[in-house]
Amino acid sequence: MFTKILIANRGEIACRVIKTARRLGIKTVAVYSDADTGARHVAMADEAVHIGGSAARESYLVVDKILDATRRTGAQAIHPGYGFLSENAGFADACARAGVVFIGPPPSAIRAMGSKSEAKKIMEKAKVPLVPGYHGDDQSPDLLAKEAERIGFPVLIKASAGGGGKGMRVVETAEKFKDALEGAKREAKASFADDHVLVEKYLSRPRHIEIQVFADSHGGCVYLFERDCSIQRRHQKVIEEAPAPNMDPARRKQMGEAAVAAAKAIGYVGAGTVEFIANQDGSFYFMEMNTRLQVEHPVTEAITGLDLVREQIRVAEGHGLTLRQEDVQFRGHAIECRINAEDPRTFAPSPGLVKGYHAPGGMNVRVDSGLYAGYKVPPYYDSMIAKLIVYGTTREGALRRLRRALEEYVIEGMKTTIPLHQALLSDPDFLSGDYTIKWLEEWLARED
């Protein structure tokens with residue numbers, strides 16, 4: 001049993017892990033950069049260790065500094081949160097060499113899913129549905145062009161090592177392929193030091209559905225149902241829901257079983273998310289697997305009643321899962337809004353001093369945040385500053401609760417995306433659940 005863990009992260013996810021650890025009677029160690037001296041996670045933890053400069057490359061991304069803080073404080077395990085080092089196989093290896101438990105999957109699983117091309121090869125062997133495409137090692141422009149012709153336009157060029165939309169191009173015709181390929185490879189090289197790409201059939205109006213899986217080190221693995229993450233801008237999620245609106249129960253079971261097959265194919269352990277592209281005709285295809293806890297995990301917690309961080313810690317301690325698949329049930333509906341320090345129209349970052357702060361509360365309203373009045377949001381990190389999660393026995397009830405909670409949420413001193421969320425809640429297509437991954441981009445274009 002762990003008696004002390006270090007959280008190798010910051011902000012709302014660090015605060016969230018600390019809360020669960022406290023309930024389990026486990027002491028916590030926070031790490032912080034120069035910019036985070038006054039951060040809430042630093043005050044919440046039992047101990048805090050300064051690890052360097054404000055830029056992440058000088059602090060939160062420096063493996064040696066994280067491990068030195070672990071050694072100095074006697075922490076037995078490290079929770080990486082998400083982002084930063086959470087999907088870094090080298091960091092997981094370094095933890096093992098230092099005799100510290102990494103609260104996450106084995107390094108081999110991280111590596112297996114770290115390359116989109118390699119991941120798709122593994123999924124193909126496991127008979128997990130794949131989007132028609134080319135995922136091979138031959139990267140000659142002529143071959144890639146021929147493969148695009150074989151697949152049929154439009155196609156999507158994607159950086160194999162990347163994420164967040166970098167190194168990604170939609171190509172409508174063969175004539176545009178060469179220039180798009182050069183641009184995608186150039187961006188991939190700059191962003192990930194790897195210009196390897198894959199080419200896939202572009203599905204114009206699918207939904208982005210992800211399945212939460214959980215596996216132990218004894219061979220147990222279950223799926224905890226789905227989240228719909230289709231409301232996104234430039235491949236960045238804005239709103240997530242669980243369960244997915246209008247999801248057919250038979251399709252839910254098929255996707256869940258495919259996600260479990262994906263996890264077992266790589267010897268996965270812990271919490272992970274298998275992401276799928278789902279078509280209107282009922283077909284679905286593997287997209288990627290995130291080998292960590294997801295930002296949107298609270299909506300799964302809301303509908304299942306499970307604390308996923310607690311389960312992560314238990315599995316990392318060597319315990320088996322307490323649930324069989326037939327035991328896992330969900331009830332009601334949950335929605336999460338990501339609140340960013342951004343201009344709600346231009347999406348330009350808007351860090352600064354929080355002059356006034358009031359978080360909504362009440363039954364079935366949850367706010368994950370590290371904000372408080374007087375806190376200065378630094379410009380060095382991701383712009384997400386809070387997550388607002390609501391639960392209702394029905395989707396309609398959850399939407400009513402979300403509308404009220406957004407009206408009550410006050411963050412003064414900076415621009416935030418709260419007005420954007422309020423505007424979305426008045427749109428009939430969103431209210432009906434009738435949206436795809438293109439919907440928000442089209443909505444924003446109409447509003448302009």
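The sulfur of Cys229 has its closest cysteine sulfur in Cys337, 13 Å away, which is too far for a bond, given that a disulfide here is a pair of cysteine sulfur atoms within 2.5 Å. This is a predicted model, in which local features need pLDDT of at least 70 and side-chain atom pairs count only at pLDDT 80 or more, while totals for chains, interfaces and linings use all residues. Residues are numbered from 1 along each chain as its sequence is written, and side-chain values use heavy atoms, with hydrogens and water left out.

By the disulfide rule, the count comes to zero. Cys221 is likewise in no disulfide, the nearest cysteine sulfur being that of Cys229, 19 Å away. Cys229 is buried, at a relative accessible area of 0%, and Cys221 is buried as well, at 13%; buried means under 20% relative accessible area, exposed means over 50%, and partly exposed is in between, with a 1.4 Å probe and protein chains only.

Among the buried residues of α9 are Arg251, Arg252, Met255 and Val260, and what covers the buried residues includes α6, β10, β11, β13 and β14, contact meaning heavy atoms within 4.5 Å.

How do α4 and α5 cross? The axes of α4 (residues 89-97) and α5 (residues 107-114) come within 8 Å and cross at roughly 170°, the axes being lines fitted to C-alpha atoms over the stretch in contact, with angles from 0 to 180 degrees between N-to-C directions. The two helices are therefore roughly antiparallel to each other, a label for angles over 145 degrees, whereas under 35 is roughly parallel, 65 to 115 roughly perpendicular and the rest oblique. Ala89, Gly90, Ala92 and Asp93 in α4 meet Pro107, Ile110 and Arg111 in α5.

Finally, Pro80 lies in the loop between β4 (77-79) and α4, and at 4% relative accessibility Pro80 counts as buried. Leaving aside residues up to four places away in sequence, Pro80 touches Ala8, Asn9, Ser86, Phe102 and Ile103.

Note on methods
Helices (H or I, at least four residues) and strands (E, at least two) are DSSP runs, numbered from the N terminus.
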